[in-house]
Amino acid sequence: MTAPIRIVPLHRPRPDTAAAVPGIAAPPAAQLTYRGGPLLTAVQVFSVYWGAAWNDAAQQATMQKLNGFLQFIVASPYVDQLAEYNTPQHKIAHGSYIGTATITDPPTGTSVTDAAIQQMLEQQVARKALPPPAPTPNTLYVAFLPPGVTVVAGKDRSCQVFCGYHDRSAAQLFYAVLPYPNCAGCLGGVGVLDALTSVCSHELAEAITDPIPGQGWYDDTQGEIGDVCAWQNKKLGSYLVQLLWSNRARACV
């Protein structure tokens, strides 16, 4: 996977536990600047669970909790704090959760490539198993992979280099990828659901503020709004979410 940075990296234990405290400053060079591209001003999230393993009872329970999280987060203070990144042409407002689907055909196997994820999404939209992007391009497909499946993006693999990422497909679909946290580096010292909501919040905020990586709000050294604050978390309602970089506060908040 090449620059621009758009991944959640593996968790690295910090010697200073204060790094997880809200308001802690990230390296002082961080300064997101707007590069002229689109923003998702009223994100419409559709969750996609790829793999037959999601039909297992235990995974069904996880799916329901993740869908509840997505419904909550898109109309929460987490989105409100992104308003500092409004532009004259783009005003970020609450979004909506527009549905979910479980995809078992094609099967995943033990690993899937980013190209295969893009192809799956595009095929399912064509088959009307997934809704097409809205007339205004705010649709974000959030693809979750089940336990035991590795995602391969370029030369990088989940649980070796990354825990999640977002991008735009060749067919202009905005999407985020959430591999199952099959390793300590993608659990970050918390449970599976908390790890998934943390990574998902990171990618949601980045997809809203930089949907085409490097063309929205971006820092040439440290990447996107979530990259600066990776694995610094807070509780929002009953969910664990990642802190985000604030230009205004000069800190992760």
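The legends below describe close-up views of a predicted model.

View A. The strands are arranged in the order 5-7-8, with mixed pairing. Strand 5 (111–113) and strand 8 (156–157) are the edge strands; each has a single partner strand, so one side of each is left without a neighbour in the sheet.

**View B. Pairing of strand 5 with strand 7.** Strand 7 covers residues 150–153 and pairs with strand 5 in the parallel sense, over 3 bridges. Threonine 113 has valine 152 of strand 7 as its bridge partner.

**View C. Helix 3 on the sheet strands.** Helix 3, residues 114–126, lies across strand 5 and strand 7. Relative to strand 5, helix 3 runs at about 75°.

**View D. Crossing of helix 1 and helix 5.** Two packed helices are described by the angle between their axes and the distance between the axes. For helix 1 (residues 57–73) and helix 5 (residues 192–209), the axes come within 11 Å and cross at roughly 35°. The crossing is right-handed. Helix 1 contributes Thr62, Lys65, Leu66, Phe69, Leu70 and Ile73 to the contact, and helix 5 contributes Leu193, Leu196, Thr197, Cys200, Ser201 and Leu204. By class, the residues of this contact are 8 nonpolar, 3 polar and 1 charged.

Key. Residues are numbered from 1 along each chain as its sequence is written. This is a predicted model: local features need pLDDT of at least 70, side-chain atom pairs count only at pLDDT 80 or more; totals for chains, interfaces and linings use all residues. Side-chain values use heavy atoms; hydrogens and water are left out. Two strands pair if DSSP finds at least two bridges between them. Helices (H or I, at least four residues) and strands (E, at least two) are DSSP runs, numbered from the N terminus. Contact means heavy atoms within 4.5 Å. Axes are lines fitted to C-alpha atoms, for helices over the stretch in contact, and angles run from 0 to 180 degrees between N-to-C directions. A crossing is left-handed if the near helix is turned anticlockwise from the far one by less than a right angle, and right-handed if clockwise. Ala, Val, Leu, Ile, Met, Phe, Trp, Tyr, Cys and Pro count as nonpolar, Asp, Glu, Lys and Arg as charged, and the others, Gly among them, as polar.
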